Amino acid sequence: MKILGIETSCDETAVAIYDSEEGLKAHVVYSQIDIHALYGGVVPELAARDHIRKILPLLQEALAKAECTSSDITAIAYTAGPGLMGALMVGAACAKSLAFAWGIQAISVHHMEAHLLAPFLEDKKPAFPFVALLVSGGHTLLVLVTDFGKYEILGQSLDDAAGEAFDKVAKILDLPYPGGRPLAELAEKGDVKRFRFPRPMVNRSGLDFSFSGLKTYAANVLREYGQDARADIAAAFQAAVIDVFLIKCKRALLQTGLARLVMAGGVSANKALRERLAKMGKDLNVEIYYPRLEFCTDNAAMIAYAGYRRFLMDGMDQDLKIMVRSRWELGQAINNE
Ligand code: KG4
Ligand code: ZN
């Protein structure tokens, strides 16, 4: 069975084809970064308009790469949320229209569930149950995963998401949008010992996060020490975020008694974070799983795969209504307000 995946929740237009027997057949991503970089952040209306321009050419490209035609496709999975309303609407309308025209089913996919399942696209797949650290531009979640579709949120950010914190601190440091990667590159040149940023919420029990204070801290240090301190600030900020993740992940593993940890979402592309987590895994005898870099950030391979899993769970859309949600809690049904 072949599932077509469509992702348009934010500033990447992506299409992929996943074959239940043969694995991923094609995945193409077009990033709108150049459009939004001018404004220092994603402009929702421009994002939606650009998705409209790119979605069908990308679809044709993916079909050609997978060497198949519309008649080979069993179902169409699309991101129904969370994300930008206008952007989501483009993918949803496209998926529903094509499903209607081709006489097949459409499947609404939760963007964070798709991130969570991205490691299943790799050869080394996690076994259930496991703890997942989901770190993207819009969400920071610690989740207990007992099966496909069975999620219990253990903790989440009370304010900024981790990726958002990277982007905001990057902006303070005059780095281009999105700032996660440039900040990580700048951090490599910095002295990590010069400043010590706070580790928010680690002295409180529980598994929630808070990152908004770190940007204020970064702005204050920059004001006091000047532009020459930029790389050291980047290094100190990144070290603080990574420390918080490690502390909370250890706590979640202890609390659940599990020894398997999955990390996914855009921030999981961070090299220093991957290295520190791998080391923690070795030290604590915990298996760590994360997707390859291109499946950490937004892509449609994870949407097609999550759609396939939803298909097996009988999660097809029941009607032709186009339904998307900007906010949508992981584990809830799409129409559950
Ligand atoms: O998952 P994603 O592609 O989109 C959302 O669902 O939000 O995550 C994007 C976020 C952005 O905030 C970006 O700055 C961050 O992931 N990011 C990184 C790195 N690469 C992307 N953050 C830290 N280090 C990186 N190497
Ligand atoms: Zn994402």
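**Ligand site, domains and local geometry of the predicted model**

Ser-108 is found in strand S5, which spans residues 105–110. Strands here are DSSP runs of E with at least two residues, helices are runs of H or I with at least four residues, and both are numbered from the N terminus. The structure is a predicted model, in which local features need pLDDT of at least 70, side-chain atom pairs count only at pLDDT 80 or more, and totals for chains, interfaces and linings use all residues. Residues are numbered from 1 along each chain as its sequence is written, chains are lettered from A and ligands numbered from 1 in the order in which they are written, and side-chain values use heavy atoms, with hydrogens and water left out.

Ser-108 is buried, with a relative accessible area of 11%. Buried means under 20% relative accessible area, exposed means over 50%, and partly exposed lies in between (1.4 Å probe, protein chains only). Leaving out residues up to four places away in sequence, Ser-108 touches Tyr-78, Ala-80, Asp-317 and Ile-334. Contact means heavy atoms within 4.5 Å.

The domain assignment divides the protein into domain 1 (2–116 + 295–335) and domain 2 (123–290). Such bounds come from an automatic or database domain assignment. Taken over C-alpha atoms, the centres of domain 1 and domain 2 are separated by 26 Å. Across the boundary, 20 residues of domain 1 are in contact with 22 residues of domain 2.

Where does ligand 1 lie relative to domain 1 and domain 2? Both domains give residues to the shell around ligand 1, so the ligand lies between them. The ligand has 18 residues around it, of which His-115, Gly-137, Asp-167, Gly-180 and Gly-266 come nearest. A residue counts as near a molecule or strand if one of its heavy atoms lies within 4 Å of it. By class, the shell holds four nonpolar, 11 polar and three charged residues. Ala, Val, Leu, Ile, Met, Phe, Trp, Tyr, Cys and Pro count as nonpolar; Asp, Glu, Lys and Arg count as charged; the others, Gly among them, count as polar.

Helix H4 (111–117), helix H5 (162–172) and helix H6 (180–188) each supply at least two residues of this shell. The largest share, three residues, comes from H5.

Polar contacts to ligand 1 were examined next. A polar contact is a pair of N or O atoms within 3.5 Å; within protein, one must be able to donate a hydrogen and the other to accept it, and residues adjacent in sequence count only if both atoms are side-chain atoms. The side chain of His-115 places an N or O atom 2.9 Å from an oxygen atom of ligand 1. Backbone atoms also take part: a polar backbone atom of Gly-163 is 3.1 Å from an oxygen atom of the ligand, and a backbone N or O atom of Gly-138 lies 3.5 Å from an oxygen atom of the ligand. On its own, ligand 1 has 550 Å² of accessible area, and the protein covers 88% of it. Accessible areas come from the Shrake-Rupley method with a 1.4 Å probe; for residues, only the protein chains shown count as cover.

His-36 is buried, with a relative accessible area of 0%. The side chain of His-36 makes a polar contact with the side chain of Gln-32 at 2.7 Å. Apart from neighbours within four places in sequence, His-36 is in contact with Asp-11, Gly-41, Val-42, Val-43, Leu-46 and Ala-47.

Backbone geometry was also examined. A cis peptide bond joins Gly-81 and Pro-82, with omega about -15°. Pro-82 belongs to the loop between strand S4 (75–81) and helix H3 (85–102). A cis peptide bond also joins Phe-128 and Pro-129, with omega about -10°. Pro-129 is placed in the loop between H4 and strand S6 (130–135).

Asp-174 is not a glycine, yet has a positive phi of about 65°. This residue is in the loop between H5 and H6. At 60% relative accessibility, Asp-174 is exposed. Met-201 also has a positive phi, near 75°. Met-201 is in the loop between H6 and helix H7 (212–225). With a relative accessible area of 15%, Met-201 is buried.

Lys-321 follows helix H10 (301–312), in the segment after it. Lys-321 is exposed, with a relative accessible area of 53%. Lys-321 and Lys-96 are 225 residues apart in sequence, but 8.2 Å apart in space, C-alpha to C-alpha.
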